[in-house]
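Here is a friendly walk through a few local features of this protein. Keep the model open beside the text and follow along.

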Amino acid sequence: MGKIQQSLPRGVNIRTHATSQTIFICFTYRGVTCREPLSGVPVTPANIRYAANLLGEIRVKIDRGTFNYADHFPKSSKVKIFGAVSSTTNILNYLNKYLQNCEKRGLSPSTINGYKKCCNALKSIHSILVTDLTPAIVKNWLVSGETSTKTTRNIMSFLRASIDEAVTDGLLQVNPVSQVSVGRYKGVEPASEISSREVDPFTPAEVTAILTAAGNAQWVNLFQFAFETGMRSSELCALRWADLDLVGNTVSVSSAKVVGIMKGTKTKAGKRTIELSNEVLAAVQDQKRFTFLHSEFVFHDPKTESPWAGADAIRKKAWVPVLKKSGVRYRHPYQTRHTFATRHISQGKNLFWLAQQMGHKGPEMLFRHYGTYLAEYDNRTSNYTHTARDLKISE
């Protein structure tokens with residue numbers, strides 16, 4: 001055994017125990033001196049050569065930046081320092097970890113639900129090892145997909161954020177998703193895919209057409225409320241009869257409902273009190289016959305006779321079919337909020353008052369988004385308002 005000790009390669013050591021011996025290899029990784037045993041490997045000349053070769057391989061990987069501690073020494077205490085993620089981890093594992101982190105951070109149910117849809121859309125690359133992911137693979141997935149440009153951007157954003165963790169874990173030096181541009185391989189977004197946050201309000205004539213085409217009284221009341229208060233669809237879903245003050249003619253907004261789950265408003269400023277116009281008060285009175293004695297919530301889906309689960313349900317079941325029937329160019333329901341803002345700005349309303357009604361901290365947001373729409377609404381707002389009773393719609 002003495003001869004073996006004298007011929008040991010540099011970085012290879014042997015520790016002698018009471019009844020056995022163990023080969024150790026020594027190296028420096030990220031400034032830390034590491035000594036790892038080759039458990040279960042007998043001390044023989046052949047195994048000492050094996051240890052030397054393994055050490056040489058590790059040093060090469062360290063120089064190239066591809067060494068992963070957990071791959072070689074998964075049970076080592078050093079794994080806690082350098083990361084326990086193996087290079088054999090696939091993409092699905094990182095997607096799921098990102099989802100779990102988002103849930104722990106308390107992101108909204110709608111955001112989590114959207115991320116789950118993104119994860120499912122990436123099914124074709126789930127089994128690929130994260131260390132094998134390349135810009136070419138990402139590009140091929142992108143160009144072969146049939147999703148809209150907007151949806152593709154959302155999926156790519158989710159994938160990019162997920163794989164960032166692999167960079168943090170040291171499995172990748174650069175995130176390959178960041179090297180692929182959606183705009184390079186997807187066409188210009190059609191008007192129907194423009195973000196709901198891009199201001200594109202309805203004209204007075206379009207509002208009239210939408211309310212006339214709604215047909216169902218509960219839909220008309222809901223849409224009238226949206227146009228007249230600027231409330232978000234998620235806030236309308238959470239609106240309770242107790243939130244309405246029909247003496248002071250106001251409504252208190254403090255909650256929103258997303259995929260059936262109640263939560264607080266989007267921002268602290270979003271908790272607000274909105275003044276109710278005569279038109280929305282008429283809609284409220286009409287809505288009483290449907291839900292006042294049967295539910296704490298003001299608005300129900302008339303097809304299920306249950307409170308709306310969330311904004312997506314309103315959009316799919318009511319908004320989309322009504323706009324098709326009306327002949328009005330499609331825009332997201334959020335544009336009812338933009339319509340509320342631009343109409344009041346064009347009427348010369350106090351911007352501090354309007355900001356409070358919409359749940360903004362101040363009027364800066366109004367100046368930023370709505371200035372270019374003033375001219376379209378000048379001298380036209382008198383044709384805007386209609387009530388459910390004026391339209392003589394059915395139940």
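The axes of helix H11 (residues 217-229) and H13 come within 9 Å of each other and cross at roughly 145 degrees. H11 passes H13 in a left-handed crossing. Please keep in mind that this is a predicted model.

Which residues meet where H11 packs on H13? From H11 come Ala217, Gln218, Asn221, Gln224, Phe225, Glu228 and Thr229. Facing them in H13 are Glu279, Val280, Ala283, Val284, Asp286, Gln287, Arg289, Phe290 and Thr291. Sorted by class, this contact has six nonpolar, six polar and four charged residues.

## Thr291 in H13

Thr291 belongs to helix H13, which covers residues 278-291. Is Thr291 buried or exposed? With a relative accessible area of 0%, Thr291 falls under the 20% cut-off and is therefore buried. Setting aside its neighbours within four places in sequence, Thr291 is in contact with Gln218, Trp241, Phe297, Val298 and His300. Gln218 is also listed among the H11 residues that meet H13.

Asn249 sits in the loop between strand E4 (244-245) and strand E5 (250-253). Most residues other than glycine have a negative phi. Asn249 is not a glycine, yet its phi is positive, at about 60 degrees. Its relative accessible area is 29%, and Asn249 is partly exposed. Beyond residues up to four places away in sequence, Asn249 touches Ile274, Glu275, Leu276 and Leu281. Asn249 and Leu276 are 27 residues apart in sequence, while their C-alpha atoms are 5.3 Å apart in space.

Two of those contacts, Ile274 and Glu275, lead us to strand E8 (residues 272-275). E5 and E8 run antiparallel and are joined by four bridges. One of the paired residues is Thr250, whose bridge partner in E8 is Glu275.

## The E1-E2-E3 sheet

Now for an open sheet, in which three strands lie in the order E1-E2-E3 with antiparallel pairing. Its edge strands are strand E1 (12-16) and E3, each of which pairs on one side only. Neighbouring strands of this sheet are turned by 30 degrees against each other on average, direction ignored. Five bridges join E1 to E2, and Arg15 has Thr22 as its bridge partner in E2.

Where does Arg30 lie? Arg30 is in the loop between strand E2 (21-29) and strand E3 (32-37). Like Asn249, with its positive phi of about 60 degrees, Arg30 has a positive phi, here about 55 degrees, although it is not a glycine. Helix H2 (residues 45-64) lies across E1 and E2 and runs at about 15 degrees to E2.

## A covered helix

Last stop: helix H15 (residues 335-346), with 12 residues. From its first C-alpha to its last, H15 reaches 16 Å, close to the 16 Å expected at 1.5 Å a residue. How many of its residues are buried? The count is 12 of 12, and H15 is mostly covered. Among these buried residues are Arg337, His338, Phe340, Arg343, His344 and Ile345. H15 is followed by Gly348, whose phi is positive, near 80 degrees.

Terms used. Residues are numbered from 1 along each chain as its sequence is written. This is a predicted model: local features need pLDDT of at least 70, side-chain atom pairs count only at pLDDT 80 or more; totals for chains, interfaces and linings use all residues. Side-chain values use heavy atoms; hydrogens and water are left out. Helices (H or I, at least four residues) and strands (E, at least two) are DSSP runs, numbered from the N terminus. Buried means under 20% relative accessible area, exposed over 50%, partly exposed in between (1.4 Å probe, protein chains only). Contact means heavy atoms within 4.5 Å. Axes are lines fitted to C-alpha atoms, for helices over the stretch in contact, and angles run from 0 to 180 degrees between N-to-C directions. A crossing is left-handed if the near helix is turned anticlockwise from the far one by less than a right angle, and right-handed if clockwise. Ala, Val, Leu, Ile, Met, Phe, Trp, Tyr, Cys and Pro count as nonpolar, Asp, Glu, Lys and Arg as charged, and the others, Gly among them, as polar. Two strands pair if DSSP finds at least two bridges between them. The expected span of a helix is 1.5 Å times one less than its number of residues.
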